[in-house]
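Please open the structure in a viewer and keep the selection panel at hand.

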Amino acid sequence: MSIVLNLLSIALAGVVLNVLFSKSKIVQKYVSLLIFAGLTYFSFVMYSQVGEHFDFPFQIAGQSIGFTITWLNYYFGIMITGITLLTVIFSLKYMEGKDGSTHYYTVLSLKTFGMLGVIFSSDLITFFVFWEIMSWSTFGLMSTGGKDAPKSAFKYFVFAITASMILMAGVVLSYSLFGSFDFAVIHDKIGSLSLPMTGFLLSIFIVSFSVESAVFPVHSWLPDGYSNTFTTFTAYLSGISTRIGIYGIILFLFGIFGIQTVDKLSIIGKINFRYVFGVFAALTMVVPTFTALYQHDAKKLIAWHSVGQGGYMLIGLASGSALGIAGGMFHVLNHMAYVVLIVFAIAAVEHRTGTTNLNKLGGLIKKMPVSYLALLFGIIGLAGLPPMNGFVSKWFIYRALILGGYPFLAIAAVIGTLGTILSVYKLIHNMFLGQLPERYNNVKEVGFSMQLPMWILMIVVLGLGIFPGAAMGLIAKIQVALGLTAVPYSLHGIQTASGQLNMLVVSAVFIGGIFVTWIIYLLGSRRKHVSQYNNYAAGNFLDKKVAYNFNYEFYAAMEHVIDPYRKKIIQRTEQGIAGLTDAVSEYIRRIYTGMINTYGIYVITAFIVTIIILKELI
Amino acid sequence: MNGVLSISTVLNFGSAGLIVLGLYIVFTQKNLIKMVIGIDIAETGVNVLLVSTGYIKGNTAPIFSKAGLQVSSMVDPVPQALVLTSIVIGFGVSALALAMIIKLYEKTGTLDTSKIRGLKW
Amino acid sequence: MNVVLWIIFLPIILFVIGTFMLGYSRKFIARIERRYGPPIQQVFYDIFKLMNKKTNISHGWMHDIAILMLLGGTLLTMYFVPVPGFHFFAQYGDMLVIMYILLIPALGMALGVGETANPNGSIGISRALMMLAGYDIPFVLTFIGFAMINHTTSMYDLMLAQQAGGIAGWGLISQPLLGIAALIALQGMLGEKPFEVMVAPHEIATGPMTEMGGKYLGIMMIQHAIGIVVELTIYINLFLGGAVNWFEYIVKLFVLFTMLLSVNAVFGRFRTDDAVRFMWKIPLPLAIIGILFIIF
Amino acid sequence: MVNPILLIIVPLGTAFLISLTASFLKNSTKYLALLAMIANVWVSIKLLPEVMQHSINVVIAGVKPPLGINLFVGPSGAVFSILISAAGLLILLYSFKYIEGDSQHKYYTLFLLLITGSHGMVLTGDVFNLFVFFEILAISSYILVGYEGKRNGLEAAVKYLILGSIGSVLILVAVALIYQEAGTLNMADLADKFGMIDPSKRLMILVFFITGMGVEAAVFPLNSWLPDAHSSAPSSISAMLSGFVIEVALIVIVKFVYSIFAMTEILGFLSLVAVITLLVGEFAAFKQANIKRVLAYSSIGQIGLILFAMSLNSTGGINAGLMQIVNHTASKSILFLVAGFLIVRTGSYQISDYRGIAKKMPVSAFFFVIGVLSLLGVPPFFGFFSKLAIIIAALHTGSIFNTVMVFLVLLGTVIESIYFLRIIQVMYNRDGIVDSVKEAPFLPLLAIAAFAVVILAGFLVLPQITGYTGGVASEIVRKMQMAQVF
């Protein structure tokens with residue numbers, strides 16, 4: 001019995017059991033905990049069976065369909081099951097009071113079932129079947145948990161159904177071109193295809209995956225979709241759900257089409273396919289990060305950032321050099337770790353204070369130190385500063401872009417990073433720093449079951465930051481499996497001829513610096529702790545009534561500079577398309593006028609037209 | 001003179017004219033009952049066409065009324081059987097149509113199709 | 001063996017140079033404003049006084065850790081920037097690492113000031129970060145330009161490449177556009193007058209330093225001194241061909257610093273959005289044109 | 001060897017038996033109808049295995065073809081009889097609880113006449129006999145559409161009647177021309193002789209027949225009666241009309257074009273008309289507020305899809321079209337039947353009034369979702385396999401025209417999924433205002449469940465189904481010969 005089937009049957013059992021035990025909440029919670037623990041165990045144990053193939057008993061259109069385990073889907077498998085387990089542990093307490101928890105756990109296990117099916121599929125049909133299950137369950141996931149969750153879920157659905165229809169066209173087109181759905185067969189026969197057709201087929205697949213991974217022009221569904229639902233779902237979705245699109249891009253760009261064929265593709269002679277894809281990735285990095293500055297809701301801010309970080313992964317893949325691709329893949333893992341950590345911290349704050357509105361929070365560091373620490377680790381990772389993991393993959397991507405000769409993509413990456421640093425500080429400042437409002441005086445830290453995932457993720461974020469080699473080994477195996485040159489890595493960084501990154505030394509020197517400062521710090525006399533109201537206020541006094549934070553419009557000046565350039569092109573085009581469909585359907589609806597005479601005239605005109613046309617044909 | 005106007009061409013064009021006339025009535029008249037009459041005219045036109053297909057010049061009706069009648073001197077009986085059924089069907093449909101129009105008149109109070117447009121778009 | 005010696009003495013040497021430069025800067029600006037100004041070693045006295053203050057107000061544990069992060073980060077950057085005679089750590093981290101480590105002190109200060117819960121501090125930090133976004137983009141672009149020419153991102157190799165070409169090999173001369181853009185960006189990085197939006201004593205009561213007193217302010221001044229030297233050294237290594245011996249290094253430091261001070265002494269302060277707009281309207285296009293020259 | 005003629009005689013006989021015994025059997029006439037339907041299902045199932053080997057030819061009243069009327073039961077006849085009788089049986093069970101009132105027996109008589117008409121059209125081997133069964137089918141559906149006697153029902157029935165009569169006039173002209181030219185009415189004989197007729201006459205016959213039958217098969221310009229008729233008929237009847245009546249008319253056209261007229265050059269035109277029908281159906285349904293009108297327009301869309309599949313001039317295409325017919329019959333019937341009780345319980349046709357109904361009618365809402373998902377072609381449901389087969393068949397031809405058509409079909413599916421999802425979102429809305437509504441009774445739910453089983457378990461028996469539909473496809477594509485009939 002293939003291990004993949006164990007995974008899928010456990011996930012499916014999760015769905016069934018949750019529905020059965022919908023009445024008793026306790027059993028439901030621990031059943032899903034058990035299910036996801038089992039899933040994680042199996043996905044970790046799977047490394048021994050990489051390369052094993054399993055066929056389904058029945059066939060579709062004469063083609064056998066099945067699963068196979070490769071290093072790439074092993075890598076994604078661990079991420080999916082790991083994050084789902086942490087989300088479930090976190091939501092044991094988080095979902096306690098809320099209604100709709102049956103729906104919550106059922107759809108979560110259905111989505112995991114869909115995602116695992118997608119990544120382990122070895123042919124286009126299974127890929128498409130589980131892709132549909134996944135996108136429908138994402139819609140189900142997103143439609144609960146907030147007052148305007150259904151509206152934003154509907155918006156996601158419109159994008160998702162278009163993407164899956166394009167994907168279906170691609171699946172069947174490749175079947176009719178190559179006569180088989182199997183990835184391996186298509187990989188071998190891809191060379192035989194004419195260049196424009198390969199380009200057309202590749203762009204079909206890439207477009208449908210870009211919709212799922214929120215690349216620039218088609219990203220507008222993500223911020224509302226991810227932030228209007230339960231905060232734990234925001235973590236889960238921005239952590240791993242959009243990265244299945246990235247998995248698709250990696251699989252098709254490198255696994256099936258292969259880097260050689262992709263490099264042969266070029267538009268108007270000079271600009272090759274990867275560069276065009278890189279430009280879109282660059283836009284995905286810059287635009288969402290600066291929109292994040294404007295957000296005053298924590299979840300929306302992070303949702304915009306997960307769009308921006310998706311741009312980093314894509315630009316890494318688009319650079320095409322071994323370092324860049326390794327950076328892109330590594331960034332998927334890093335991003336998952338720190339973004340889920342950040343959103344767990346936001347969820348903890350929401351759990352205690354009931355709001356994620358940045359204008360109303362402040363000073364929670366005094367009451368929720370662990371969540372503060374979690375958010376701090378997360379934002380350092382997100383901003384990509386050393387000792388945290390975000391820095392390592394960004395360093396790879398930067399080096400690949402600079403040495404690969406893509407200056408303008410590197411410029412976009414730089415702009416993106418700075419935008420991230422600004423908005424990320426706003427997040428931690430408005431929530432945890434500044435004056436603590438009166439109403440949050442009795443706020444307590446979250447319980448252990450919510451802290452445990454935070455601690456685990458903190459260790460992962462810091463651990464991967466200092467010892468990136470742990471994950472680089474797996475990524476090197478993936479690169480070799482995909483036919484790319486692997487990056488020479490070591491436990492604490494990489495050693496290439498043209499430059500070396502040693503995170504261990506960087507962190508050691510940083511600790512050394514802090515130690516020296518600590519000694520200087522001890523030279524001075526003891527510090528005196530004072531309350532927040534004992535503060536400089538230009539001669540005036542601060543007390544409970546007048547406590548005020550500088551939260552509202554934190555970057556007013558930057559918004560002042562950027563505003564003229566924000567033309568909201570995306571929103572206008574979307575409204576345009578929606579308006580067009582409405583107008584067309586309104587016009588076509590009017591054909592059925594209700595007058596029987598006009599219906600008769602329709603019949604006779606049809607009769608005459610048929611005669612005229614068929615006269616030529618026969 | 002009579003070579004050109006052979007009876008079958010006359011009947012063909014006659015039935016075509018009747019059908020076109022009937023359909024014309026259906027498309028232009030606003031009154032429902034006039035439309036049913038139009039349909040009836042069209043159906044009679046078709047029946048004429050059906051009967052005319054079986055016509056063989058100089059033969060008699062396909063009924064063994066007298067002794068000694070040869071089958072070869074009879075007109076082709078098959079289309080006539082068809083016309084019988086078609087007439088019955090036409091009659092049935094018109095009866096049904098008129099019954100429904102009466103009920104519709106009770107409900108809407110008018111026979112004018114431009115006014116009976118409850119269901120549209 | 002001498003690596004360990006360098007590791008111990010480098011911070012002290014740079015602290016001394018930095019503090020003298022700050023003292024010199026007060027003297028230099030005073031002279032321009034036709035007054036004598038405090039003695040060169042005044043900054044030493046201030047730091048010494050602050051470190052021995054009895055009452056050190058702190059608003060929480062993050063306030064203390066922030067101070068550690070602040071100076072710790074600057075020391076980290078200091079070790080990675082090659083200085084004449086000592087470039088042991090340069091092999092472990094290249095220019096990109098340095099670019100990012102530069103941000104750690106800024107983040108540390110931001111967190112500490114946020115903890116002090118003083119609105120003036122928060123306004124100062126938000127201005128500082130906006131200014132960071134302003135000057136950092138052109139500065140990194142100039143570095144990207146150089147890295148593309150020499151196909152390496154290690155600062156030490158870039159420095160050697162410049163020294164190979166003698167005076168003509170200097171970054172400022174071989175790529176004038178990038179050099180000028182970086183110079184203007186450097187002005188913002190050091191927080192000199194036209195871009196001194198974050199300290200702005202008249203508007204937001206010295207911004208981030210509002211609630212810092214006693215040894216906290218002392219450590220901040222130490223950090224400020226070492227920070228200035230490190231940032232100037234980065235510019236020297238990239239654009240003025242680095243320094244072979246210490247004498248050349250100190251001369252370049254003072255000449256460069258004087259140029260920046262002279263600009264600082266005569267200019268008023270920009271409004272924050274004007275400062276950012278200036279940074280994105282002058283140095284950024286310059287840098288982009290410079291890079292275009294390199295590509296084509 | 002059970003005689004296929006039973007499929008026609010049993011419902012016809014029972015229909016008249018019911019009207020005779022209505023006076024003293026009162027409301028128990030429906031059980032008679034049930035018996036007739038069960039008999040029909042049993043006969044058609046027994047027929048299927050035999051028919052797959054060789055087609056059965058039944059001679060009526062002793063007169064051998066080409067003069068006498070004969071039933072020609074090939075695989076297509078058997079498969080469609082199963083489809084008609086099974087769907088008819090389930091809808092009949094549904095009507096037990098749906099149709100009340102003392103004039104029930106009229107409903108069941110017409111119901112069985114409709115079944116007779118459908119079986120007749122599919123089984124007959126004679127062109128005029130086809131016209132007669134077409135008329136039986138048409139007349140019974142006119143009355144059934146206006147059965148509830150409300151203003152909308154009657155208006156729709158009258159419109160349907162007038163358009164239907166125009167259609168039957170055109171068909172009758174075609175029959176007359178066929179007899180005039182080919183001198184025979186038997187389909188097999190006609191197939192042999194059709195080649196010899198001179199082209200202009202062939203064109204006239206073809207156009208008259210297709211336009212006439214097209215009115216009933218709801219092809220684009222001719223289907224203006226469908227939205228009114230299907231939305232104001234009682235839901236069980238709209239389920240039957242959308243379920244298999246329009247599909248029967250469509251398969252007759254396809255059978256004539258392929259195996260009798262053998263005019264495959266016109267298929268390009270047919271697929272263009274099909275895609276136009278699809279797009280018109282989907283776009284018109286996009287902004288509807290009345291739930292049954294949405295489903296009616298969606299039927300137009302689906303008919304467009306089926307016709308597009310069948311006009312691909314390949315056995316794969318027809319096979320895919322047949323699978324889509326099975327899927328459409330099952331899922332559209334579910335949607336109409338669920339809509340039926342939605343309307344009965346909430347008393348309104350407007351979708352906006354069903355806000356949060358899923359809480360009060362969870363089972364029917366769940367079945368509604370399954371029906372929608374299968375109609376859209378979402379995997380594990382049967383609809384996915386039929387849609388996949390259609391697109392594979394379309395892209396296999398490799399022509400650019402078909403690739404463009406496939407993208408239009410996919411656009412249609414996107415539009416379709418948007419307006420269906422809007423309905424589902426309204427039904428599953430959290431803050432439901434619908435309060436005093438109770439679930440639909442058990443028997444209708446059982447009927448709907450039976451349809452749902454077809455879609456859910458479809459992929460388990462996929463090889464068998466494709467086997468039978470493959471037989472039908474190969475029979476249609478092969479040109480009919482006189483030899484087959486003897």
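The tour passes from the whole model to one chain, then to one residue, and lastly to an interface.

**Before selecting anything**

This is a predicted model, in which local features need pLDDT of at least 70 and side-chain atom pairs count only at pLDDT 80 or more, while totals for chains, interfaces and linings use all residues. Residues are numbered from 1 along each chain as its sequence is written, and chains are lettered from A and ligands numbered from 1 in the order in which they are written. The model scores ipTM 0.88 and pTM 0.90.

**Stop 1: all chains**

Colour the model by chain. Four pairs of chains are in contact, and of these chains A and C share the most contacts; two residues are in contact if their C-beta atoms, placed from the backbone, lie within 7 Å. Chain C does not touch chain B, the nearest C-alpha atoms being 56 Å apart. Chain C and chain D do not touch either, with 41 Å between their nearest C-alpha atoms.

**Stop 2: chain C**

Select chain C, which holds 14 helices and one strand. Helices (H or I, at least four residues) and strands (E, at least two) are DSSP runs, numbered from the N terminus. The C-alpha trace of chain C spans about 55 × 50 × 40 Å along its principal axes. Of the 296 residues in chain C, 60% are buried, a term for residues with 20 or more other C-beta atoms within 10 Å of their own; those with 12 or fewer are exposed, and those in between are partly exposed, with C-beta atoms placed from the backbone. Among contacts in chain C between residues at least 6 apart in sequence, 79% join residues at least 24 apart.

**Stop 3: C:Phe278**

Go to helix H13 of chain C, residues 272–281, and pick out C:Phe278. This residue counts as partly exposed because it has 19 C-beta neighbours inside 10 Å.

**Stop 4: chain D against chain B**

Now show chains B and D. Here 27 residues of chain D are in contact with 30 residues of chain B. On the chain D side, helices H5 (127–145), H6 (151–182) and H9 (225–232) each supply at least two residues. The largest share, 17 residues, comes from H6(D).
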